[in-house]
Amino acid sequence: MPGATPEPTPDAMPQAVPEATPAVTHVLVGFSAGLLADLDRLLPARSVLVLEEPAVIAARNAGELAARYGCVAELRPAPTQDEERPERLVAAVPRPPALRAVIPAVEYGVVGAAALAEAWDVPGAGTAAARVMRDKALLRGTAGPGGVDQPDWAPAEGPDDVQRFRARHGGSCVLKPANRQASLGVQLLGPADDIHEAWAGTTAADEPKLRVGYSGAARYLVEERLHGPEVSVELLVVDGRPGFVNVTAKSVQDSRHPVETGHVVPAGLPAGTVAALESAMAALVRATGFRSGVLHAEWILHQGRPHLVECAGRLPGDSIDTLIDLAYGGSILGGLLAVLEGRGAPAPRLATAGAAIRFLSAPAGTVTSVDGEEEARTAPGVHTLHVSAVPGTTTRAATSSWERAGFVVATGRDGAEAAANAAHAAGRVAIRTGAGGAR
């Protein structure tokens with residue numbers, strides 16, 4: 001696949017099995033700086049063993065970054081992303097004597113984390129369920145027979161498959177990779193869009209610094225295009241039983257590439273809609289056989305009913321975990337640790353405030369100036385402002401979540417006020433580029 005890291009071989013991994021670090025209580029599968037920063041506030045020093053692919057460690061300079069976090073005992077190279085052969089990971093890493101939990105830190109470590117948890121007899125998703133979460137086609141084939149509403153779909157092996165499907169569905173469809181994240185490669189196609197161009201764009205989309213290109217990983221599907229409000233549901237699950245649940249409202253850019261432009265917690269939906277989402281999540285848990293952990297599922301409220309878009313077996317991205325903490329109090333990561341350590345999950349509770357994130361955008365070109373940051377940072381309700389587009393960097397139209405120009409997190413008395421505060425602050429930031437204009 002274009003842009004993918006060459007497939008590693010077993011010989012590329014250390015042949016000797018290193019001894020487990022005695023003080024380690026938690027194993028993190030995949031390197032995530034954001035998650036480690038949060039764990040630093042919850043876990044003792046040198047209590048976390050981080051496992052990551054050697055190629056990803058090198059590409060991300062993860063060794064130097066991991067050293068910044070006191071909770072990290074060791075960053076160890078391991079075959080964390082070999083989803084076809086997770087037994088390699090189990091064989092490569094001995095069980096730490098004081099182990100309490102295995103945590104899937106990144107999308108590409110979900111199967112590996114489940115396999116380790118299963119082998120070490122601690123709570124986890126279950127390897128079979130984790131595989132379903134990592135393959136959107138497998139998820140479709142599992143969720144539908146399990147009674148979960150979803151769009152019509154089909155596997156796609158080339159442009160002809162997409163063309164035939166689009167013709168059967170009124171000239172529109174959704175084309176996506178089966179096993180990527182962050183809207184990477186997802187395209188909303190209409191009657192006038194060139195199928196061959198779209199296929200080339202989707203199949204070329206990759207994350208070479210985050211993902212190792214193991215063989216057999218390139219799979220694609222085409223789906224019916226549904227319309228309606230979009231939400232996500234974040235759910236803690238204990239032994240197949242739903243626990244704490246949150247519903248997040250999301251907004252998406254009006255583009256061929258459905259990249260999120262903002263999220264709001266709580267979503268502010270009618271009680272009947274929330275109940276329908278909770279029922280749909282329970283059906284999804286039953287259908288997939290998901291055991292213990294966290295689910296982040298995206299839904300479209302098509303014709304008033306939840307229809308499944310996709311589901312991840314890990315904590316949500318886009319700072320949704322931060323929004324949940326701000327709106328409900330406490331820590332959803334702390335709740336996940338309780339689940340994975342076998343201590344149960346926090347009880348369902350109501351939000352006591354609102355929190356929202358608004359992503360920044362910029363005209364395509366070379367950034368010449370960024371103004372208004374201080375005004376935005378001190379605007380009502382602002383919790384965090386981050387601007388990644390700095391003078392000299394190049395911006396382009398966002399085709400995935402990785403290409404946004406920054407974000408604002410804000411709070412309010414409820415979700416609506418938080419969303420208004422985030423939008424107001426985002427509007428204070430003016431990013432100018434050589435292409436002209438500002439946004």
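Start by selecting Lys250, which counts as buried at 15% relative accessibility (buried means under 20% relative accessible area, exposed over 50%, partly exposed in between, using a 1.4 Å probe and protein chains only). Before you go further, know that this is a predicted model, where local features need pLDDT of at least 70, side-chain atom pairs count only at pLDDT 80 or more, and totals for chains, interfaces and linings use all residues. Residues are numbered from 1 along each chain as its sequence is written, and side-chain values use heavy atoms, with hydrogens and water left out.

Lys250 sits in strand β10, residues 241-252 (strands are DSSP runs of E, at least two residues, and helices are runs of H or I, at least four, numbered from the N terminus).

Eight strands make an open, antiparallel sheet, ordered β13-β12-β9-β10-β11-β14-β18-β16 (two strands pair if DSSP finds at least two bridges between them). At the edges stand β13 (305-312) and β16 (382-387); each has a single partner strand, so one side of each is left without a neighbour in the sheet. On average, neighbouring strands here are turned by 25 degrees against each other, direction ignored.

Pick β12 (residues 293-302) and you'll find seven bridges joining this strand to β13. Look for Ala297, which stands opposite Cys311 in β13.

Now select helix α14, residues 415-428. This helix lies across β11 (260-265), β14 (354-360), β16 and β18 (406-412), and runs at about 140 degrees to β18 (axes are lines fitted to C-alpha atoms, for helices over the stretch in contact, and angles run from 0 to 180 degrees between N-to-C directions).

Two more stops. Pro155 belongs to strand β5, residues 153-156, and is exposed at 54% relative accessible area. Leaving aside neighbours within four places in sequence, Pro155 touches Asp161, Tyr220 and Leu221.

Finally, jump to Gly330, in the loop between α11 (320-328) and α12 (332-340). Is Gly330 buried or exposed? Gly330 is exposed, at 61% relative accessibility.

Technical notes: Contact = heavy atoms within 4.5 Å.
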